[in-house]
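Please keep the structure in view while reading.

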Amino acid sequence: MALPALAVSGRESFAEFHLGFQGFLFLGTSLCHVPVWIYIILFHSGRLVASFNKRRVVETAEKELTPVEEWKLVEEHLRHLAEKPLNARRREALADSYLRLGALDSAISEYRKAADSLDSGPEQARLMYRAIYICVERRMSVKNALPLLRRLVRLYPRSYYAAYARRILNRYEAYESAGLLNSGNAGWWDGESEPQA
């Protein structure tokens with residue numbers, strides 16, 4: 001591609017056409033440059049492999065599994081995590097299995113561990129949100145989610161997940177400042193009853 005670009009650059013007629021064609025050929029040459037492909041292979045191969053593995057795990061999860069099959073899947077995830085404990089995708093799949101089995105506390109714990117195994121970014125925010133959502137909406141325990149809610153707001157203040165966390169925190173603080181979290185009403189934040197007026 002570089003040779004035709006050099007040949008075209010020597011032509012005088014139709015200069016605009018030749019400049020555009022020359023630019024296209026040099027762009028193609030730079031994309032075919034070996035260091036570019038080495039960079040792409042080194043830094044994006046992990047994402048490609050992870051996307052294929054995730055697709056396989058999602059296909060397995062989409063099938064309707066019996067509880068026995070689901071527990072076997074949990075054992076497989078645990079076996080893989082014993083070898084690579086910082087594998088966030090595998091830990092998320094384990095949390096999903098726990099969630100389908102109804103083990104909410106284990107699912108929350110695994111989502112938190114998966115979030116902790118990532119440095120930062122939208123994936124970490126999403127995993128923290130999933131742990132919070134299960135704790136607040138499914139387990140009905142805002143008190144246990146408070147540290148995670150505050151952490152999500154602190155780390156990702158402009159995200160959608162932080163907006164959800166702020167809404168829950170504001171509601172909790174409003175009830176607390178109104179004195180509705182006294183001993184008679186405190187159980188509502190752990191799913192026992194509705195607050196009394």
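In this predicted model, L104, I108, Y111, R112, A114 and A115 in α6 are in contact (heavy atoms within 4.5 Å) with Q124, L127, M128, R130, A131, I134, C135 and R138 in α7. The residues of this contact comprise 10 nonpolar, 1 polar and 3 charged, where Ala, Val, Leu, Ile, Met, Phe, Trp, Tyr, Cys and Pro count as nonpolar, Asp, Glu, Lys and Arg as charged, and the others, Gly among them, as polar.

The axes of α6 and α7 come within 8 Å and cross at roughly 160 degrees, and the two helices are therefore roughly antiparallel (an angle over 145 degrees). Axes here are lines fitted to C-alpha atoms over the stretch in contact, with angles from 0 to 180 degrees between N-to-C directions.

| Helix (DSSP run of H or I, at least four residues) | Residues |
|---|---|
| α5 | 88-101 |
| α6 | 104-116 |
| α7 | 122-138 |

Y111, in α6, counts as buried because its relative accessibility is 0% (buried means under 20%, with a 1.4 Å probe and protein chains only). Leaving aside neighbours within four places in sequence, Y111 touches E92, A95, D96, L99, L127, R130, A131 and I134. With the side chain of D96, which lies in α5, the side chain of Y111 makes a polar contact at 2.2 Å, a term for a pair of N or O atoms within 3.5 Å, one able to donate a hydrogen and the other to accept it. D96 also touches R130.

Residues are numbered from 1 along each chain as its sequence is written. Local features need pLDDT of at least 70, side-chain atom pairs count only at pLDDT 80 or more, and totals for chains, interfaces and linings use all residues, while side-chain values use heavy atoms, leaving out hydrogens and water.

Terms used
Angles under 35 degrees count as roughly parallel, over 145 as roughly antiparallel, 65 to 115 as roughly perpendicular and the rest as oblique. Buried means under 20% relative accessible area, exposed over 50%, partly exposed in between (1.4 Å probe, protein chains only).
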